[in-house]
Structures are given as structure tokens and as C-alpha cells.
Amino acid sequence: MLHYTARVYYYRRYTAEKKMEVISEYSDLLRMLITTAKDRYVYNQADLPTVFKAEALLSELNNMETMLRSQVAESSIGLNTLMSREVSTPFLIDSVLQPADYHSDYALLADSSFLKRSDILAVESRIQSMRSNQRLMATGARPDFGIQFNHSQMKEMPNTFSIMGMVTVPIVPWSSRMYKSEVRSMEFEIQAMEDEKATMQLMANQMIRERITMLVYESRQLRNYDTSILPAYRNNLESNLLAYRQNTGSFFVLLDAWNMLLMKEIERIDKLGQVFNLQAEYEYQREIN
């Protein structure tokens with residue numbers, strides 16, 4: 001649980017810092033566009049309401065950046081606490097973190113023997129221990145043989161040796177019934193633990209299959225952002241920037257293209273956060289440290 005909690009804090013801070021980088025980049029671009037639009041307004045080449053809208057969007061970005069700084073601080077406090085350090089201790093994290101590739105596990109999980117969790121292994125160990133006790137109890141109904149050897153030597157007396165054999169036969173009827181009852185009772189306990197183990201395996205298998213399936217499909221969506229969605233919106237912004245520079249495009253359309261690309265960039269980071277969270281849950285269920 002400690003590793004899972006640490007991963008959640010770490011991934012939360014990572015995605016928040018990535019969003020801050022995007023916001024900083026797009027804020028700089030928006031400031032430049034606002035300055036250009038104000039200069040063009042003097043020559044009736046830009047409309048004032050769109051300029052005001054752009055300034056409002058810039059203020060919203062500043063507010064979003066403040067919220068993200070709060071998330072970074074919260075995650076840092078959580079990580080420092082888990083590391084038993086002063087909560088305000090500054091530290092850096094990996095800035096090029098990438099999701100792990102668990103696609104091969106998607107096919108391997110068809111075999112339930114692939115799942116080896118400590119809680120299931122603990123139940124299996126208890127079952128083996130109970131079976132050993134059961135076999136030991138069953139031997140109580142059989143004759144018990146023993147041998148004793150003694151040696152003594154007294155002053156001015158020859159050495160004395162003695163050997164004695166013993167046999168215990170459980171001939172009392174209630175004794176035999178007691179042993180058989182104990183053996184049957186243990187068998188019922190073993191069966192109950194076997195059922196418990198089967199249930200735990202079923203639940204673990206279900207949860208792990210759900211996580212790895214969701215992880216695979218969320219990863220595909222993330223790749224779609226990188227390969228097709230974001231490039232298309234970038235091309236849209238670049239074409240509108242070119243048209244605006246050539247005085248053939250409007251500031252309103254350019255601002256809309258800027259805003260759409262920014263939203264898709266943020267959506268892509270949110271999707272990355274979802275992939276990381278699913279990865280953390282999968283690793284927790286599989287006990288991957």
C-alpha cells in the first residue's frame with residue numbers, strides 16, 4: 001500500500017508540473033497575440049471584444065496555474081511524509097517519465113497460475129500446515145512404539161545397562177473416535193480455506209484483468225493524442241497564425257484555434273494521468289514494487 005500511495009502522489013505532481021509547462025508556453029503565445037491584436041485594433045484590423053476575451057482567457061490561465069501549484073505542493077507534502085522527511089523539503093522529480101509497457105501481460109493473464117500474490121500464498125501455506133497437522137493427528141490412532149536405553153555406574157560396582165521397549169495401543173473406543181473426529185474437523189477447516197483461496201484467486205484475477213484491460217485501452221487513447229489529435233490541432237493553429245500574419249484571417253478564429261489546441265494539450269495530460277493511475281493500481285494488485 002505504501003508503494004501505491006507514493007506512486008499516486010508522484011504521478012499527480014508529475015502531471016501537474018506538465019500542465020504548468022503547457023500553460024506557461026501558451027500564456028506567452030497568448031500575450032504576444034494580445035499585443036499584436038491591440039496594435040492592429042488601431043488600424044481597425046482587430047475587434048475589441050475578442051481582445052477582451054483573450055485577456056480573460058489569460059487571467060483564467062493564471063488562476064489555473066495557481067491551482068496546479070497547490071497540487072504540486074500537496075503531492076510534495078505527501079511524498080515527504082511517506083519518506084519521513086520535513087514536509088517542506090524541496091526535491092525534483094523525473095521530468096521525462098513514461099508509462100510502463102504491460103501489453104505483454106494482457107495475454108499472459110489468461111493463465112491464472114501467472115498470479116502469485118502474497119495473501120493467496122499465505123492461505124496456501126496455512127492449508128499445507130493444516131494438512132501436516134491432520135496427518136500427525138491421524139497417526140495418534142495407530143500403535144506407538146518406543147525404546148529407552150539407560151546406563152549407570154556406581155563406585156566399586158560393575159557397569160549396569162538396561163534397555164526397555166514400550167508400545168502404546170489405543171484400544172479405548174472413545175480414544176479412536178476422538179482422533180477420527182479431530183481428523184474430520186481438520187478436513188472441514190482445510191476445505192473452508194480451499195474455498196477461501198479459490199474466492200481470493202477469483203477476485204484477484206478479476207481485478208487484475210480489469211486493470212490491465214483498462215490500461216491497454218487508455219494507453220491506445222493516449223497514443224491517439226500523440227499521433228493524430230494533437231498534430232491536427234497544431235496544424236490548425238499554425239495555418240490560422242499564418243493567415244493572421246498575412247492579414248487574411250481573423251483574431252477571433254485564431255483565438256479559437258489557440259484555445260482548442262490548449263484544451264487538447266490539457267486533455268492529453270489528463271489521459272496520461274489516468275494511464276499512470278491505472279498502472280499504479282495494476283502494480284498494486286500484482287504486488288510489483
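This is a predicted model: local features need pLDDT of at least 70, side-chain atom pairs count only at pLDDT 80 or more; totals for chains, interfaces and linings use all residues.
**The whole chain**

Colour by secondary structure to find 6 helices and 2 strands. Read from the N terminus, the order is α-α-α-α-β-β-α-α. Of the contacts in the chain with a separation of 6 or more, 78% join residues 24 or more positions apart. Switch to a surface view: the chain exposes about 18,200 Å², and 56% of that comes from carbon and sulfur atoms.

**The largest nonpolar core**

Next, select Leu30, Leu237, Phe251, Leu254, Trp258 and Leu262. These belong to the largest nonpolar core, a set of 29 residues, and they touch the most other members. Now show the elements that give two or more residues to this core: helix H1 (2–41), helix H2 (48–82), helix H5 (173–245) and helix H6 (251–286). In soluble globular proteins, nonpolar side chains tend to be buried together.

**Tyr9 in helix H1**

Move to Tyr9, which lies in helix H1. Is Tyr9 buried, exposed or partly exposed? Its relative accessible area is 23%, so Tyr9 counts as partly exposed; the cut-off for buried is under 20%.

Then pick Asn277 and draw a distance between the C-alpha atoms of Tyr9 and Asn277. The two residues are 268 apart in sequence, and the C-alpha to C-alpha distance is 9.9 Å.

**Asn80 in helix H2**

Select Asn80, found in helix H2. Asn80 has a relative accessible area of 0%, and is therefore buried. Which residues does Asn80 touch, not counting those up to four places away in sequence? They are Arg85, Glu86, Val87, Ser88, Thr89 and Phe91.

**Two residues with positive phi**

Go on to Ser84, in the loop between H2 and helix H3 (103–108). The phi of Ser84 is positive, near 60°, and Ser84 is not a glycine. Most residues other than glycine have a negative phi. With a relative accessible area of 71%, Ser84 is exposed.

A second case is Asn247, in the loop between H5 and H6. Asn247 also has a positive phi, about 60°, although it is not a glycine.

**The cavity**

For the last stop, select Ala100, Asp101, Tyr102, His103, Leu215, Val216 and Ser219. Together these residues line the largest cavity, whose volume is about 30 Å³. The structure holds 1 cavity of 30 Å³ or more. Which element supplies the largest share of the lining? That element is H5, with 3 residues. Colour the lining by residue type to see 4 nonpolar, 2 polar and 1 charged.

Conventions
Residues are numbered from 1 along each chain as its sequence is written. Side-chain values use heavy atoms; hydrogens and water are left out. A nonpolar core is a set of buried Ala, Val, Leu, Ile, Met, Phe, Trp, Tyr and Cys residues joined through side-chain atoms within 4.5 Å. Buried means under 20% relative accessible area, exposed over 50%, partly exposed in between (1.4 Å probe, protein chains only). Helices (H or I, at least four residues) and strands (E, at least two) are DSSP runs, numbered from the N terminus. On a 1 Å grid over the protein atoms alone, a cavity is a set of points where a 1.4 Å probe fits but cannot get out, and a pocket is an open set with protein on both sides within 12 Å along at least five of seven lines; lining residues have an atom within 4 Å of a point. Grid points are joined across faces, edges and corners, and a volume is the space filled by probe spheres set on the points. Ala, Val, Leu, Ile, Met, Phe, Trp, Tyr, Cys and Pro count as nonpolar, Asp, Glu, Lys and Arg as charged, and the others, Gly among them, as polar. Contact means heavy atoms within 4.5 Å. Accessible areas come from the Shrake-Rupley method with a 1.4 Å probe; for residues, only the protein chains shown count as cover.
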